[in-house]
Amino acid sequence: MDKLVHGEKGTKMMLLGNEAIVRGALEAGIGFSAAYPGTPSSEISDTFSRIAKDAGIHFEYSVNEKVAMETVAAVAASGVRAMTQMKHVGLNVASDAFMTSVYTGTRAGLVVVTADDPSMHSSQNEQDNRIYSKLSGVPMLEPSSPHEAKEMARKAFDISEELESPILLRTTTRISHVRGVVEFEDRKSGKLKGHFDKDPFRFVTIPSVARKQHKILLEKEEKARKMADVSEFNRIIGDGKIGFMTSGAAFNYLMEVVEDMGIDYKILKLGFTHPFPSGLFKEFMEGIEKLIVVEEGEPYLEEYAFVYSRETRPEMRIYGKYSDHFPRLYEYNPDVVEKGVSASLGMEYRDRKPEYADMKLPDRPPALCPGCPHRATYYAARKVFMKDKDKVVYPTDIGCYTLGIQPPYELADYLLCMGSSIGSSNGFSEVTDQLPIAFIGDSTFFHSGVPALINAVYNEKRLIYVILDNSTTAMTGHQPNPGMGKNGMGDIAPVISIENVVKGCGVEWVRTVDSYDLPALEEAFKEAAENDGVSVIISKHPCALLESAAKKKAGTFHTYRIDQDKCIHCHVCSKHLACPAIYITEDGLDMIDEKQCTGCGVCADICPAHAISEVKE
Amino acid sequence: MKINIQIVGVGGQGILTASKILANAALADGLNVIMSEVHGMAQRGGVVESSIRIGDVYSPIIGNGKADVILSFEPMEAYRALDKANKDTKIVTNIEPMVPFTVTIGQGEYPPVGGLIEGIKKVTPHVYSFDAFALAREAGTEKAANVVMLGALSALGILPISPEKMKETVALTVPAKFRDVNMKAFEMGFEAVKKEK
């Protein structure tokens, strides 16, 4: 029995922030969730997918965040409580639907979770999505802990219904991926089926309707501001002379810093941060002598502090990012906050890190896994195009295969966002003499590769589009996608054939090859380079992590070993293929670490001395 | 009370499982606990860090110089984590290296393990180093190396959680058929530290 689903009021569980959000949604009586995975939001969807049947709700993986947003907006408009969750840049994809869903408003509670990634642990930018709430007029909640994330997820549905507006629940990596003690409330049962009561002069946003709805939106924002002023998620802690305003993860660091430093503090801890609770802020300002704003990312709260301190405390100096006391860059931690607080108070700051010899340690960046089929594709591409390095350009995309940027492959030259490999190739192919060789994964292809491919065919581009099809969404944790034959409920689903989609987009030159078949790959690359048009190579092999696990289960798993008598020490396996399972000993011998080997056999295929073979015992 | 435990190593070594066991044991003993994990791109064979803080704590991240324990699954990663240490920090480290691919392709050299341990001892004398993977193999499976490390952590005597509660949580977490192996692994880690103390 899953405690997350069936745990009763008062149950305490160690939960990830992301798991806590799911529990909060269950307590609120959610009926439906749809999403595209993206770190650090992915475990919300993983958890929904795992428990959906048990909890009696519906969960589905959408092809991208925009489709997910459109899906949940319609679900909530039909009276069923719904949630979608995405990483911060996912909201960029969903933003077109999101921005106007605020105009139509919602009937049942509609919660949009955005998980931001300060410090970019797994992301291509560091945007602060709190600004989306200001841009859209959507109310926003920002938790500081897993328990608060659960509580806010639960209450978000009520706030959303009261305002008839979608609501943003904004986390960061250190909320989503923090595990803490969460205490349960009872689960409310919610509706799974609804009915769409037609109201075209609300839900069809033609200009005359939109003009009316924008006015209603501003009225809702004013109502929400009053709710924020009295919200249980906005509170004042302490009654000292030094005022701090904070939200999200920064609150945790601040609490420890002020206690450790023995500061006479008064903290305005904000959780309902849009609309800004200006009334509560003015109340908080009474009696404090200084105001220090501690928040990760952009000076979001700080700007409101400037606006709303003008009337009552115009003389107040505000310490924050505009005064250069706190950074706008990267995630905070206790040290960053202590440094900023010390500087604001004119106190000396000393880093506590101990002194030790600066030993030159080799880097340990993330790498393609041992046996990864992408590595085999990259090895073949490099072999064919290495000598013409300057005549080709490698636009890449978002997924494990982005790690192709690393030596020895170095097959990544340009990346903006999901789908940009083929999108940008449209430009490179037109104005340069470099042949674009674009790499994209199967899930990313479905997400946003298709329109750009149609564009390439339509505009008669010359480029090679390599679809690295490992039949899963590997980077975010092996979620299903439309090519996999499985859906978000764990049931069998129709398989969308990538080859048929490519052909349907009008591509005439398509080859599907096994990623481990190096001669076939090389041949395909050579032929594609001669083709005057759009060439698509589908390099297909299951993710090595999944395949090796399946082989172990079936009892057919074997690792590989190098016969040291036959090895000629050419290092093709260790240095050119650069599989992390192959290392060189102090004596210069190439060895396979059988702990790491996944048994793909690619090293055996490329070994010129035929010195590598399966371990058969 | 605040106990700060920094766990470091390489993706795939079972660090997240070990961290979860520790956190669940703390919760089972009625303690407040908060931990942070690494997911996503940062996990593919890269450095993995996890912080576990027990007691009157808010921040899931441990500040510089504030770790009570650094539990390292890889000797070089123990050295890389020294910013979190102070002269009283207890450092428990496995000594079997995981050589990163950057070394194989000629970008940098893996320092001698002896040199790493000596360097660590210049920050704190409380260093316990042993081959956790060899012990795990002896216990029955290399996969139990994370439980060897938990046993070692438990033997330091600074956790507010009893070794029995830790073992109980391990037993609840691992699949039934690996229970005995893991109990043995826990004991072996426990003894490895105890005999050095």
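## Domains and interfaces of chain A

Chain A is divided into domain 1 (3–229), domain 2 (235–344), domain 3 (373–545) and domain 4 (558–614), with bounds taken from an automatic or database domain assignment. The model is predicted: local features need pLDDT of at least 70, side-chain atom pairs count only at pLDDT 80 or more, and totals for chains, interfaces and linings use all residues. Residues are numbered from 1 along each chain as its sequence is written, while chains are lettered from A and ligands numbered from 1 in the order in which they are written.

Between the C-alpha centres of domain 1 and domain 2 of chain A the distance is 27 Å. Here 24 residues of domain 1 of chain A are in contact with 20 residues of domain 2 of chain A, contact meaning that C-beta atoms, placed from the backbone, lie within 7 Å. On the domain 1 side, helix 10 of chain A gives the most, with five residues. Helices (H or I, at least four residues) and strands (E, at least two) are DSSP runs, numbered from the N terminus.

Towards chain B, 49 residues of chain A are in contact with 50 residues of chain B. Elements of chain A that each supply at least two residues to this side include strand 8 (178–183) and helix 11 (248–261). Strand 8 of chain A pairs with strand 2 (residues 33–36) of chain B in the antiparallel sense over three bridges; pairing requires at least two DSSP bridges between two strands. In this region, V178(A) stands opposite S36(B).

The composition of both sides is tabulated below.

| Side | Nonpolar (Ala, Val, Leu, Ile, Met, Phe, Trp, Tyr, Cys, Pro) | Polar (the others, Gly among them) | Charged (Asp, Glu, Lys, Arg) |
| Chain A, touching chain B | 27 nonpolar residues | nine polar residues | 13 charged residues |
| Domain 1 of chain A, touching domain 2 of chain A | ten nonpolar residues | five polar residues | nine charged residues |

Conventions:
Contact = placed C-beta atoms within 7 Å.
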